[in-house]
Amino acid sequence: MNSFILTVRPQPDADLDVACLARRAVAAMASPVMAPAYLNPVNIPSPGATGGLIFTSRHAITGFLDLFGGTVPPAWRQTPVFAVGRASGRAARLAGFSDVTIGAGGGAGLAPLVTAQRDRITAPLLWPCAVHRGFDMAAALAPDMAVTAMPVYDMVPVESMSDEAATALANGTLSAVILMSARSARLFRNQLRCHGLEERIDGLTLIAGSKAIAEAAGPGWQQSFVARRPTRARLLAIACLFYHRMAARRRDTGAAEGKGLTTE
């Protein structure tokens, strides 16, 4: 019987995770616990009054572009951009920004790269962001640099998990769950309760992006792995290692049982 890794990230990130794991011979499925809802802020600073843009997710880039009909206006294209992760950096460049600095390790990993360029930033930074944020970039850069947070999207909870995930949980073919935020961890536990599947937690392995995320995921897991840094690459690497070690143990167990069989 196949065993699956579950990713609960919003789309399209969840499907990208599934595809990445599939390329590494890992069976995975997606069941997002949140979906983006893009907003329309009333007050948008002008490019001339903005020293740079900070993007801590691709959804923030999409939300910012939506303010201008999906295309970066020419006046914004030379604005310095600071983005978390290679995927966000690529998205920023594809959108038309020419001056892009990429950091790893979430907002905490990006903050020092922003601070290192303080001499060329002569106006407050603009941070298009989510309504709910697990990291405060404005606080991280204070008092050296001024940051204006501008929510451009909200992550709305998805009430029910996918039928595929619920079935896999019910029949025991789901082996691990990847959780990249404390909020997604709490929402996943809520979905388990809503589906009457919370008792299945003792058969699941937790792959968490940080200790805080693991704590938010609550007790009862069969085992837990916590990444040293909350990056997608590290979490997927842990998922691959776990999956292939589990498959190897099953093969070894099957081989040992087979040696014990006799025929007459």
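**The open sheet and its surroundings**

Tutor: Arg189 is buried, with a relative accessible area of 9%. Buried means under 20% relative accessible area, exposed means over 50%, and partly exposed lies in between (1.4 Å probe, protein chains only). This is a predicted model, in which local features need pLDDT of at least 70 and side-chain atom pairs count only at pLDDT 80 or more, while totals for chains, interfaces and linings use all residues. Residues are numbered from 1 along each chain as its sequence is written, and side-chain values use heavy atoms, with hydrogens and water left out.

Arg189 belongs to helix H7. Helices (H or I, at least four residues) and strands (E, at least two) are DSSP runs, numbered from the N terminus. A polar atom of the Arg189 side chain lies 2.7 Å from the backbone oxygen of Ala217, and one lies 2.9 Å from the backbone oxygen of Pro219. Such a polar contact is a pair of N or O atoms within 3.5 Å; within protein, one must be able to donate a hydrogen and the other to accept it, and residues adjacent in sequence count only if both atoms are side-chain atoms. Leaving out residues up to four places away in sequence, Arg189 touches Glu198, Ile201, Ala217, Gly218, Pro219 and Trp221, where contact means heavy atoms within 4.5 Å.

We now turn to the sheet itself. Five strands form an open sheet in the order E2-E1-E9-E10-E11, with parallel pairing; two strands pair if DSSP finds at least two bridges between them. Strand E2 (28-30) and strand E11 (223-226) are at the edges and have a single partner strand each, so one side of each is left without a neighbour in the sheet. On average, and with direction ignored, neighbouring strands of this sheet are turned by 20 degrees against each other. Helix H6 (residues 163-171) packs on the sheet and touches E1, E2 and E9, and its direction makes about 130 degrees with that of E2. For such angles, axes are lines fitted to C-alpha atoms, for helices over the stretch in contact, and the angles run from 0 to 180 degrees between N-to-C directions.

The strands can be followed pair by pair. Over four bridges, strand E1 (residues 4-7) pairs in the parallel sense with strand E9 (residues 174-179). Here Phe4 has Leu174 in E9 as its bridge partner. E9 and E10 also run parallel, joined by four bridges, and Ile178 has its bridge partner Ile207 in E10. From E9 the chain crosses through helix H7 (residues 182-194) to E10, a β-α-β crossover that is right-handed. Right-handed means that, with the strands pointing away from the viewer, the path from the first strand over the helix to the second runs clockwise.

In a regular strand the side chains alternate between the two faces of the sheet. In strand E10 (residues 205-208), Thr205 and Ile207 point one way and Leu206 and Ala208 the other way, and all are buried. E10 is joined to E11 by four bridges, and the two run parallel. Leu206 stands opposite Ser224 in E11. The chain passes from E10 through helix H8 (residues 211-216) to E11 in a β-α-β crossover that is right-handed.

The whole structure holds nine aromatic pairs. Rings of Phe, Tyr and Trp (its six-membered ring) pair if their centres lie within 6.5 Å; planes under 30 degrees apart count as stacked, over 60 as edge-to-face and the rest as tilted. One of these pairs is Phe68 with Trp76, which is tilted, at 6.2 Å centre to centre and 45 degrees between the planes. Phe225 and Phe242 form a tilted pair as well, with 6.2 Å centre to centre and 55 degrees between the planes. Phe225 lies in strand E11 and Phe242 in helix H9 (residues 232-259), so this pair ties together parts that are 17 residues apart in sequence. Phe225 is partly exposed at a relative accessible area of 31%, whereas Phe242, at 8% relative accessibility, counts as buried.

Finally, Val158 lies in the loop between E8 and H6. With a relative accessible area of 29%, Val158 is partly exposed. Apart from its neighbours within four places in sequence, Val158 is in contact with Pro32, Val33, Met34, Ala35 and Gln191. The C-alpha atoms of Val158 and Ile178 are separated by 17 Å, and these residues are 20 residues apart along the chain.
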